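The following paragraphs lead the reader through one protein structure, from its overall make-up to individual side chains. Please keep the sequence and the three-dimensional view at hand while reading.

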Amino acid sequence: MSKRLLALALIVWLAAGSAEAQNKAAQPRAVSARAALDAEELNNIGVFKRVSPSVVHITTLSVQRDFFSLRTSEQPSGTGTGFVWDEAGHIVTNFHVIQGGDRATVTLADQSSYPAKLVGAFPDRDLAVLRIEAPRDKLPAIAVGASRDLQVGQKVYAIGNPFGLDQTLTTGIVSALNREIESVTRRTIKGAIQTDAAINPGNSGGPLLDSAGRLIGVNTAIYSPSGASAGIGFAIPVDEVNRIVPRLIRDGRFIRPALGVTSGPENLGKALGAPKGVLLVNVADGSPAAAAGLKPFGRDRSGRIVQGDVITAVEGQAVADLDDMLSLLETRQIGEKVTLTVWRAGQTRKVAATLGSSD
């Protein structure tokens, strides 16, 4: 074979090899077999599958009027998350999710939507209950757990609709317990759960779950200058939710048990040399406090201070101010008797009082 023919054959052979290599490279790679999912992955999947049908997307609408034509139209005003409380169609969410809206729509996990009616709200705890008319088989109630026995380090899950994205699962741990956050009314929400599970705008009102898929809190706030998750989120503990929601369903609002007293500012107590607590500057006539013999601070005709009472504890639990006392009274029922620890002019005594209504 001549050198020319040999070179030509070599070129043909190389071209065929290159074409074969290119054809092989253009084919999908073989799929590698993998081992079974580990226990943690299986539990993540199981929790999401069990609980996600109970999680809903809430859209609020507000009525806007055109300045020139006076025509009205409905515009979306906000979105958030909620969850099915019972088969009667009660939906629990944050109050701030629906605040300012004229109407709300609830979208279930199967993407069916229903108009919602407001049943009741308690802004001081950032909780609200809506109700929808939907078939019972579309309303799987979420399993309720407890928050009183939570421990830092426990695994938690958050399911919600961040940034309008439906059914998102994030995981983390309980980072801290007994945090204090501020509600929309500027009242302190005590006992909040801190978590590092990603909570973003749209997650508000959604469930915080334990590793068994039980509700342990309602996601309500993130701590972030940018408004996006920065690894610090907060949830209202489920023990608080389980105490408030049934009363909202029953009464349409949370009626706080009350003593019928008005408290003075903290600096007044310091000026008068009184201990920390609820310094009384007024006791309503006919109130539970009046019936228990409590007296407010005042002045006599000559302008001298008349010593009154300072409530320093309720049922043995110390109260530093009015907010502390209100939080403790909220755990009680109207008509229930409580024992108050009361200070007056350097002397401390126990007083029994029957709680009345804040109405």
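A residue is called buried when its relative accessible area is under 20% and exposed when that area is over 50%, with partly exposed covering the range in between. The model discussed here is a predicted one. T348 illustrates the use of these cut-offs: its relative accessibility is 53%, so T348 counts as exposed. This residue belongs to strand β21, which spans residues 347–354. Leaving out residues up to four places away in sequence, T348 touches T341, V342 and W343. The C-alpha atoms of T348 and D309 are separated by 9.5 Å, while the two residues are 39 apart along the chain.

The chain as a whole may be considered next. The protein chain contains seven helices and 22 strands. It has 359 residues, of which 42% count as buried. Among its contacts between residues at least 6 apart in sequence, 59% join residues at least 24 apart. The accessible surface of the chain amounts to about 19,200 Å², and 54% of this belongs to carbon and sulfur atoms.

The interior follows. In soluble globular proteins, nonpolar side chains tend to be buried together. The largest nonpolar core in this model comprises 22 residues, and V51, F83, W85, L209 and V241 are those with the most contacts inside it. Two or more residues of this core are supplied by each of α2, β6 (127–131), β7 (155–160), β11 (215–222) and α4. The largest share, five residues, comes from α4. The surroundings of V241 can be followed in detail: apart from neighbours within four places in sequence, V241 is in contact with W85, L127, V218, I236 and P246. Another core, of 20 residues, lies apart from the largest one; V261, V338, L340 and V351 are among its members.

Which residues form the aromatic pair of this structure? The structure holds one such pair, and it consists of F122 and F254, which are stacked with 4.4 Å from centre to centre and 20° between the planes. F122 lies in strand β5 (residues 113–122) and F254 in the loop between α4 (238–251) and β13 (257–258), so the pair ties together parts that are 132 residues apart in sequence. Both F122 and F254 are buried.

Charged side chains call for separate attention. Side chains of opposite charge can pair when their charged atoms come close. The model has 24 salt bridges, counted with a cut-off of 4 Å between a side-chain nitrogen of Lys or Arg and a carboxyl oxygen of Asp or Glu. One of them joins E240 to R125, with the closest N and O atoms 2.6 Å apart. Because E240 lies in helix α4 and R125 in the loop between β5 and β6, this pair ties together parts that are 115 residues apart in sequence. R125 also forms a salt bridge with E330, where the closest N and O atoms are 2.7 Å apart. E330 is in the loop between α7 and β20 (337–344) and R125 in the loop between β5 and β6, so parts that are 205 residues apart in sequence are tied together.

R125, E240 and E330 are included in a network of salt bridges whose other members are D124, R187, R243, R256 and D323.

Another salt bridge involves residues with other accessibilities. The side chains of E133 and R131 meet at 2.7 Å, N to O. E133 has a relative accessibility of 60% and therefore counts as exposed, whereas R131, at 31%, counts as partly exposed.

Two further sites complete the account. D324 lies in helix α7, residues 322–329. Its relative accessible area is 17%, so D324 is buried. Not counting residues up to four places away in sequence, D324 touches K190 and V319. On the surface, L37, L42 and I45 form a nonpolar patch with about 240 Å² of accessible area together. L42 lies in helix α2 (residues 39–51) and, with a relative accessible area of 49%, is partly exposed.

How values were computed:
Residues are numbered from 1 along each chain as its sequence is written. This is a predicted model: local features need pLDDT of at least 70, side-chain atom pairs count only at pLDDT 80 or more; totals for chains, interfaces and linings use all residues. Side-chain values use heavy atoms; hydrogens and water are left out. Rings of Phe, Tyr and Trp (its six-membered ring) pair if their centres lie within 6.5 Å; planes under 30 degrees apart count as stacked, over 60 as edge-to-face and the rest as tilted. Helices (H or I, at least four residues) and strands (E, at least two) are DSSP runs, numbered from the N terminus. Buried means under 20% relative accessible area, exposed over 50%, partly exposed in between (1.4 Å probe, protein chains only). Patches are made of residues with over 30% relative accessible area and no salt bridge: like charges are joined within 9 Å, nonpolar side chains (Val, Leu, Ile, Met, Phe, Trp, Tyr) within 5 Å. Accessible areas come from the Shrake-Rupley method with a 1.4 Å probe; for residues, only the protein chains shown count as cover. A nonpolar core is a set of buried Ala, Val, Leu, Ile, Met, Phe, Trp, Tyr and Cys residues joined through side-chain atoms within 4.5 Å. Contact means heavy atoms within 4.5 Å.
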